Amino acid sequence: MAYTFDFSSLWDYAPVLVHGVATTVGLTVAGTVLGVGIGIAGAAARSSGNRPLRIAVGAYVELIRNTPFLVQLFFIFFGLPSLGIRMPEWAAAILAMVINLGAYSTEIIRAGIDATPKGQVEAGASLGMTGPQIFRYIILGPAMGKIWPALSSQIVIVMLGSSVCSQIATEELSFAANFIQSRNFRPFEAYFLATALYLALAVGVRWLLARMGHRMFMKGAARA
Amino acid sequence: MLEFSLWDILSNLLLAARWTVALSVIAFVAGGVAGLLVLFARVAPVPPLQGAAKLYIELFQGTPLLMQLFIAFFALPLAGIETSPWTSAAVALTLFTSAYLAEIWRGCVEAVPKGQWEASSSLAMNFGEQMRWVVLPQALRIAVPPTVGFSVQVVKGTAVTSIIGFAEVTKVGTAITNATFQPFLVYGLVGLIYFALCYPLSLSAKALERKLHAAR
């Protein structure tokens, strides 16, 4: 049997694909901003003197890093309503991404914080800076610069992982591919195109994050 | 209506977890072998081979595992190969694993000092001999902790195969949820089963890393 590829029928579904790409990008932006925020807070908590807090954050990180994103997503979307916590599918997708990236970035940012030379913290203290000031101005900036490449890779992984959000009917890119192949019965073409779009997104996001990292962290390093 | 006890649910999930473990082992072993081939191509002094290996790694690291699974599921039949969820899942996860392992191992190979390559080539060793006798033994030492750490990603990756209908623990969890209407309990247990599989791997990766740093 010879199969004839037909990508032309995908043209009719361009709006569906655009909507899918836009949703994937939106989920990624929201997940990244909030997730990295949690990561910074989590890393600060893990290197704080408060022992119960450190243990709680450690448990959160290990629990999330050792279970699949898909199961976390199902737990949030299908499991939490039995506790009376209901949310639309896009909110569940963002929440799952934030919790997931939050755990990974806690661990990544903590590694950067651990690499801060102790003398710098002491120098800050001797200038009369308060604890939060030291964290904000001395520890966090250089730490973020050091771990930016690792954090960027994790953001790309979370974006690609968001493809499973189609399973709770979030209308992102892989949902668009599912929708198209259910209409034109050309699964190979639909998934091939969606995969190519994901690849382009991954390359684009990686490029953008590298540029952002350069602007935010390299300028200061060059001056110092 | 049938009633399901907690034990009914848990025992069925644990039976399904066998398939999660089986698929993980297959993907990890086959992916390791394939990853070694990709690694050789990636570091060989042959530019076209390097380029091809680079593209291969980029393709699998730049696209979602879910899409790779769908393409394996729908494209293999186009090439006249009969597929089941089993074979598609095993093929896709193996390729996925091979790309990541090749990239992890490349870092380890590049951590071997350049002088080692030069010394061995001055002894008239060819590329294969250099890799076999000089570079890989040294790279292996530092490769073990990140390789064990990556096995966690393989185990978690098997969850996605539930979407193409492979009956591992997530898929069976969904089926049980549909029968018992207890998603909180069932997905909670599914998560704990994954945790029980992955956490020991994470811990041993961390312990191996500490041992390696202490040895240096």
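1. How much of chain A over residues 21–210 is helix, how much is strand, and how far apart are the end C-alpha atoms? Over that range the chain is 81% helix and 0% strand, with the end C-alpha atoms 21 Å apart. UniProt, in an unreviewed entry, places the feature "domain: ABC transmembrane type-1" at residues 21–210; such positions follow the numbering used here, feature names are shortened, and annotations may be inferred rather than shown by experiment.

2. The model is predicted: local features need pLDDT of at least 70, side-chain atom pairs count only at pLDDT 80 or more, and totals for chains, interfaces and linings use all residues. Residues are numbered from 1 along each chain as its sequence is written, while chains are lettered from A and ligands numbered from 1 in the order in which they are written.

3. Chain A contains 8 helices and 0 strands (DSSP runs numbered from the N terminus: helices are H or I of at least four residues, strands E of at least two). Its C-alpha atoms fill a box of roughly 75 × 50 × 30 Å along the principal axes.

4. Of the 224 residues of chain A, 42% are buried (20 or more other C-beta atoms within 10 Å of the residue's own, with C-beta atoms placed from the backbone).

5. Helix H7 of chain A, residues 173–184, has 12 residues and spans 17 Å from first to last C-alpha, close to the 16 Å expected at 1.5 Å a residue (1.5 Å times one less than the number of residues). Buried residues in H7(A) include Leu173(A), Phe175(A), Asn178(A) and Gln181(A). After H7(A) comes Phe185(A), with a positive phi near 55°.

Conventions. A residue is buried if 20 or more other C-beta atoms lie within 10 Å of its own, exposed if 12 or fewer, and partly exposed in between; C-beta atoms are placed from the backbone.
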